[in-house]
Amino acid sequence: MDPRIKITTIGDSGVGKTSILKRYCERNVASNHINTTPTIGVDYGSFREESKAGRLIYVDLFDLSGKDKYQNVRKEFYEGTDIFLLVFDLDDEKSFQSLNKWLKEISPFVNLRTNVCLVGNKSDIESSRCVSAEDLEKFVQENPLSQQYKVTCMYGTSVEDMFEDIFCRWWKSSV
Ligand SMILES: Nc1nc2c(ncn2[C@@H]2O[C@H](COP(=O)(O)OP(=O)(O)O)[C@@H](O)[C@H]2O)c(=O)[nH]1
Ligand SMILES: [Mg+2]
């Protein structure tokens, strides 16, 4: 299998897509604060990962703006995506309600080999969490998702752990 994978982020504006990618790409930087500016159309990153067994993977990462006006721009980048990160904000009900709209938008670009991973971000905000575990479970049951993750960009290693899990699964599926 091609050791190059394309990962594309989708989800409403403000859910933390850029923060997740920055948190991962800058994981060696000791900081609990990440500055992001609203994504204009698309941001792109590329990096190389190596498994403990020495296997390589080259990752092309497309961070797309969730704003309506960039819908046509986004469609130019969906083709050939291996893994979609479908991101919502655990603290923002509206971003959860939008998930179906996002699945519909990417559906022409999803085939049997495509993974769609659901990512609930901002797990650090406990007090006002408005997406219930039941609603989340129901959504997961009703939709063809490969995995689901809960992460926070504020501290800890949840984002790093998520990418590690994604890459491990990829290596396993390509033996
Ligand atoms: N509390 C909290 N805020 C976050 C987290 N991730 C991102 N944010 C904030 O959410 C806002 C939008 O983030 P951004 O990455 O630009 O969202 P995007 O529009 O989806 O790319 C920024 O103010 C971030 O600092 C998180 O895990 N926890
Ligand atoms: Mg962004």
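1. Helices (H or I, at least four residues) and strands (E, at least two) are taken here as DSSP runs, numbered from the N terminus. On that basis the protein has 6 helices and 6 strands, which follow one another along the sequence in the pattern β-α-β-β-α-β-α-α-β-α-β-α. The radius of gyration, taken over C-alpha atoms, is 15 Å, close to the 16 Å given for 175 residues by the globule rule (2.2 Å times the number of residues to the power 0.38), so the protein is as compact as a globular protein of that length. The C-alpha trace spans about 45 × 40 × 35 Å along its principal axes.

2. This is a predicted model, in which local features need pLDDT of at least 70 and side-chain atom pairs count only at pLDDT 80 or more, while totals for chains, interfaces and linings use all residues. Residues are numbered from 1 along each chain as its sequence is written, and chains are lettered from A and ligands numbered from 1 in the order in which they are written.

3. The 6 strands form an open sheet with the order 2-3-1-4-5-6 and mixed pairing, where two strands pair if DSSP finds at least two bridges between them. Strand 2 and strand 6 are the edge strands, each pairing on one side only. The twist from one strand to the next averages 20°, with axes fitted as lines to C-alpha atoms (for helices over the stretch in contact) and angles running from 0 to 180 degrees between N-to-C directions.

4. Strand 5 takes part in two parallel pairings, over 7 bridges with strand 4 and over 4 bridges with strand 6. Within strand 5, leucine 118 is the bridge partner of leucine 86, and leucine 118 also stands opposite glutamine 148 in strand 6. From strand 5 the chain crosses through helix 5 (residues 133-142) to strand 6 in a right-handed β-α-β crossover; right-handed is meant in the sense that, with the strands pointing away from the viewer, the path from the first strand over the helix to the second runs clockwise.

5. Helix 1 (residues 17-25) is mostly covered, since 7 of its 9 residues are buried, a residue being buried if 20 or more other C-beta atoms, placed from the backbone, lie within 10 Å of its own, exposed if 12 or fewer, and partly exposed in between. Its buried residues pack against strand 1 (4-10), strand 2 (42-50), strand 3 (56-64), strand 4 (83-89), strand 5 (115-121) and helix 6 (158-173).

6. The largest nonpolar core has 29 residues, and those with the most contacts inside it are Ile20, Leu85, Leu86, Val87 and Val119; such a core is a set of buried Ala, Val, Leu, Ile, Met, Phe, Trp, Tyr and Cys residues joined through C-beta atoms within 7 Å. Strand 4 gives the most to this core, with 6 residues.

7. Two loop residues deserve a separate look. Lysine 122, in the loop between strand 5 and helix 5, has a positive phi of about 70° although it is not a glycine, and is buried, with 23 other C-beta atoms within 10 Å. Threonine 152, in the loop between strand 6 (147-150) and helix 6, is partly exposed, with 19 other C-beta atoms within 10 Å. Leaving aside neighbours within four places in sequence, threonine 152 is in contact (C-beta atoms, placed from the backbone, within 7 Å) with Asn121, Lys122, Ser123, Asp124 and Ser158.

How values were computed: Contact = placed C-beta atoms within 7 Å.
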